[in-house]
Amino acid sequence: MSEMISRRSVMMSAPVVMTTMVGTVLLVAALAMSAWSGAGWGSVVWLVCSVVQLAIRTPHLVRNRSNLIAVRRADRLERCLFVLVSLTGLVLPLIYVSTGLFAAADYALPGWATAAGAALQIPSLWLFWRSHADLGRNWSPGLEVREGHTLASRGVYARVRHPMYAAIGLSLLSQALLIPNGIAGALALPAFAALLAVRIPREEAMMRETLGDAYVTYAACTRRLVPRVWG
Ligand code: SAH
């Protein structure tokens with residue numbers, strides 16, 4: 001028993017240490033580069049919040065890798081849109097914040113809009129953390145059902161069926177306010193909307209097929225992304 005516990009704590013601590021180290025290196029490098037490129041304080045907030053997102057997700061990613069996959073549903077369109085969201089939501093903003101590239105696509109925003117972008121990160125990060133915790137071992141980055149998959153219908157999943165996507169949507173809205181640039185800030189929002197338009201119906205169909213009536217009943221009592229809206 002004690003051996004099991006110590007092995008588990010080693011498994012759990014390794015990703016946390018790795019995430020913290022990679023995140024810290026990334027943050028320090030990007031902060032130094034952003035000072036050099038003259039990026040505003042909104043970019044610094046975006047960088048810090050991106051590292052926090054990474055720290056929330058990585059332990060779940062590493063832990064859930066060992067859970068066997070029973071069903072996998074992903075096609076080329078869904079994968080392309082996923083890559084597009086990763087590009088516009090992480091890679092392009094990192095390049096912009098570090099180098100100032102794409103400055104021709106800058107747009108002007110009042111100071112309160114940047115402050116609103118920073119404030120939006122609070123509910124976004126909370127929801128991102130809670131949805132990972134409530135989905136637990138059922139979480140996967142792609143459209144997959146694990147061996148022994150169970151329905152998550154408690155916590156934030158009692159209110160909406162896609163709280164994690166709602167959290168990411170809030171974060172990308174915040175990105176457009178924190179990084180006032182058409183390419184590195186705002187482009188991620190339409191890319192994510194396109195991904196959701198493809199992914200949500202497929203994910204829900206997969207859940208109905210694998211979890212059956214339990215998911216149908218659950219879906220009848222919840223909305224998709226926002227409580228009481230669109231369902
Ligand atoms: N769409 C959800 C989950 C995103 S993670 C959200 O936004 O919060 C994607 C994986 O979660 C899917 O592959 C699916 O297997 C799983 N999933 C989605 N909803 C679920 C639920 N209510 N219960 C259990 N697993 C779920």
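Predicted model: local features only at pLDDT ≥ 70, side-chain atom pairs only at ≥ 80, totals over all residues.
1. Helix 2 (41-64) gives nine residues to the lining of the largest pocket, the largest share of any element.

2. Several other helices take part in the lining of the largest pocket. Helix 3 (76-99), helix 4 (111-135), helix 5, helix 6 and helix 7 (213-220) each supply at least two residues, as does helix 2.

3. The largest pocket has a volume of about 1200 Å³. Its lining comprises 48 residues, and those nearest the centre of the pocket are Arg57, Phe82, Phe128, Trp139 and Ile168.

4. By residue class, the lining of the largest pocket consists of 29 nonpolar, 14 polar and five charged residues.

5. The ligand takes up the space of the largest pocket. Two elements give two or more residues to the shell around the ligand, namely helix 5 (163-178) and helix 6 (188-211).

6. The shell around the ligand holds 21 residues, of which Glu144, Ala152, Tyr157, His162 and Glu203 come nearest. This shell divides into twelve nonpolar, six polar and three charged residues.

7. Which parts of the protein lie 2.5 Å and 3.0 Å from an oxygen atom of the ligand? At 2.5 Å there is a polar backbone atom of Glu144, and at 3.0 Å a polar backbone atom of Tyr165. In the case of Ser140, an N or O atom of the side chain is 3.5 Å from an oxygen atom of the ligand.

8. How much of the accessible area of the ligand does the protein cover? On its own the ligand has 540 Å² of accessible area, and the protein covers 100% of this area.

Key: Residues numbered from 1 in each chain as written. Heavy atoms only, no water. Near = heavy atom within 4 Å. Polar contact = N/O pair within 3.5 Å; in protein donor to acceptor, adjacent residues only side chain to side chain. Areas by Shrake-Rupley, 256 points an atom, 1.4 Å probe, with all protein chains shown as cover. 1 Å grid on protein atoms, 1.4 Å probe; cavity = no way out; pocket = protein on both sides within 12 Å on 5 of 7 lines; lining within 4 Å. Sits in = over half its atoms within 2 Å of the grid points. Helix = DSSP H or I, 4+ residues; strand = E, 2+ residues; numbered from the N terminus. Nonpolar A, V, L, I, M, F, W, Y, C, P; charged D, E, K, R; others polar. Points joined across faces, edges and corners; volume = space filled by probe spheres on them.
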